[in-house]
Amino acid sequence: MIREKVRVKSFKINDICVTGQSNQTILEVARDNNIEIPTMCYLEGLSCVGSCRMCIVEIKGSHEPTPACTAKIKEGMEVTTSSPQIEAARKMILSMMFSERSHVCSTCVANGDCELQSKSVELELEHSEVPYLNQRFEIDASHKNFVNDPNRCILCTRCIRVCDEIEGAHALDLAGRGLNMRIVHDMDEPWAASQSCTSCGKCVYVCPTGALYEKDISEEEVIKKRGIITELIKNRSQR
Amino acid sequence: MENRKIIIDPVTRIEGHAKITIDLDENGKVEDAKIHVTQYRGFEKFCEGRIYTEMPAITARTCGICPVSHVIASTKAIDKILCITPPQAGINIRKIINLAQIVQSHALNFFHLSSPDFIYGFDAPKEDRNIFKMMQTHPQMARDGINLRAFGQKIIEELAGKRIHPTGIVAGGVEHKIEQSQKEAILSQIPDMMKIAQGALEFFKTNLHKFQKEIDSFASFPSLFMALTNENRTLEHYDGALCFMDSEGNILKDKINPQDYREFIGEAVEEDSYLKSPYYKPLGYENGMYRVGALARLNIAKTCGTPLADEELKKFKALGGGKPVLNSFYYHYARLIEIIYAIEKIEELLNADETMNENVKVTSKISNLRGVGCSEAPRGTLFHDYQVTKDGIITAVNLIIATGNNNLAMNAGVKQTALAFVDSKNITDGALNRVEAVIRCFDPCLSCSTHALGIVSSKIEVRDHNKKVIQVIDRN
């Protein structure tokens, strides 16, 4: 098997000359150079799926915005991370996340520690730009320690990836299509009935919103440990 | 002369949105009058499917004036579901927060909403009957009102995290213990607050003689009374059992466990209002009208249990001559006594050693699939009744809000006042103001009671005998 050689590539982000390794993404190189690109589904250490589209950037010569978390760098490319069109698109993406489910911060366990909430502050989104769909999903509170509230899920799939890639259980996956898509355990069984879930709680700690949380807590009480997961991944790779 | 109907829509200086209709007969005399609560929110329905831990936060949103009452009733219902009793410090802190809310809410009603009527009279121009005019002519009184409210609100903020929709009252107790510095800060304000409360009561008593006609006709009639009370029938706002008293002062039924409220309270649905009409079940809808709130609490309580409030309670009880006080105008009087009681009680609870204990919360798992939380809100007895699955998902919710309990009495009161003051040939602003003021006596919170929202302004409609609106008087 012929392995592609890792080469150093030079290109521009926001007219700043940067270099990176050919197996790196635009997002990784941008972060190495302290250039901020907003993300949502991305979590350092997990695989990138580009599902949320929050990290879209413009690449000269391309007609469509590209997610920076999945796009590999190329020699001579010219990347723009912020423009009126990109900002508007990010706001629309965020609006659609809010409108698709029921994100009521005031009564949410994650109020104050929610990435969706902080992202809307960061992007200055004051209200949803599209009408709310008011969908209603059943809450799964069958697990003795954790709750899954699909009404607050943004389908970032971090929980699926951490369970598969870090815990190695792959107890979670997606079911349904489009607006009805949701996170399920095993073959869409109650969480408590899942044979493959190890109850490790990693999915709960990486969830960006209040969709997955520890049981018996009330509003504003959630404690997320997103950093712990990233540290865990780093520690393992050093062994 | 054609039959007509007068409609006051919306009713002003109350919390919530309502209208009043006054029906006139063929001779132009008042035939009937009703209050219609015109707002709807649907809390009981949309809470279904949510998890029980969210209920205090969700139901607190029923109201911005008395969220503490909802949080307390809600957490008490969850305590029952979890089969736990909070530690004494947790209970005492909850009681202090509840009393602080009674102070701020009663102060709001007296100073901000009702006192313009007492200062300028019910016939004063409508542009004068508000707190802004009061700030010009009686600045110290307006300041006092604001300070007293702030006192209550700051206690809520200090001990429960936020002034509105506090998060510190949780199932099993409260989130944080009281710090010594917080205790001292609250205690240091008590002498000033007591002075304000006593001053307001004195002002009210010295002006009472001006309102004899209103006293006699503002929902002044026999009715039952309901309140929580403890074993010795002392004033109680947090714990205790339900008690029903008749208009002669006889106890119809006491020591009712709030968990069994459904055996004693029926809820009738009216055609023309979103607000249900609860009644005392054993006597049926026709005869089961009861009143709740400060008047009911003081009628039922033998004593307040605190010295200054007890002195005032004796004078209050003398108004009834040994029987319950039946005039709803005296709700104002009763609320002012309750402010004094609440300030004394806050001081007493803060000075109790067990209140400062660090152990303020216990936790547990679901043990019961149903729980009823009951407490005395500023406006009366409040019920939160939840049913859950074994996983804690809410399957049914029933809320009986303080104002709802008074619905039948408010309707009867509106009719009585309309009969006494409204003359179809000369519909004066003062007469219509009185019809609104009778509702204000009950200090209703309609947003809560229908679990609904609305804005406050005022319009009056006159309807003929065919219920056709023939005149609309804009009260804005």
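Mentor: Let us start with a helix: 17 of the 21 residues of α13(B) are buried (a residue is buried if 20 or more other C-beta atoms, placed from the backbone, lie within 10 Å of its own), so α13(B) is largely enclosed by the rest of the structure. Helices here are DSSP runs of H or I with at least four residues, strands are runs of E with at least two, and both are numbered from the N terminus. This is a predicted model, in which local features need pLDDT of at least 70 and side-chain atom pairs count only at pLDDT 80 or more, while totals for chains, interfaces and linings use all residues. Residues are numbered from 1 along each chain as its sequence is written, and chains are lettered from A and ligands numbered from 1 in the order in which they are written.

Trainee: What is the order of the strands in the open sheet of chain B?

Mentor: In general, strands of a sheet pair through backbone hydrogen bonds, either parallel or antiparallel. Here the order is β8-β7-β6-β11, with mixed pairing, where two strands pair if DSSP finds at least two bridges between them. The edge strands, β8 (251-256) and β11 (290-291) of chain B, each pair on one side only. Strand β6 (residues 224-229) of chain B runs parallel to β11(B), joined by two bridges, and B:L224 has B:Y290 as its bridge partner in β11(B).

Trainee: How many residues does each chain bring to the contact?

Mentor: Chain B brings 16 residues and chain A 13, where contact requires C-beta atoms, placed from the backbone, within 7 Å. Helix α2 (residues 55-60) of chain B supplies the largest share of the side of chain B that touches chain A, three residues.

Note on methods. Two residues are in contact if their C-beta atoms, placed from the backbone, lie within 7 Å. A residue is buried if 20 or more other C-beta atoms lie within 10 Å of its own, exposed if 12 or fewer, and partly exposed in between; C-beta atoms are placed from the backbone.
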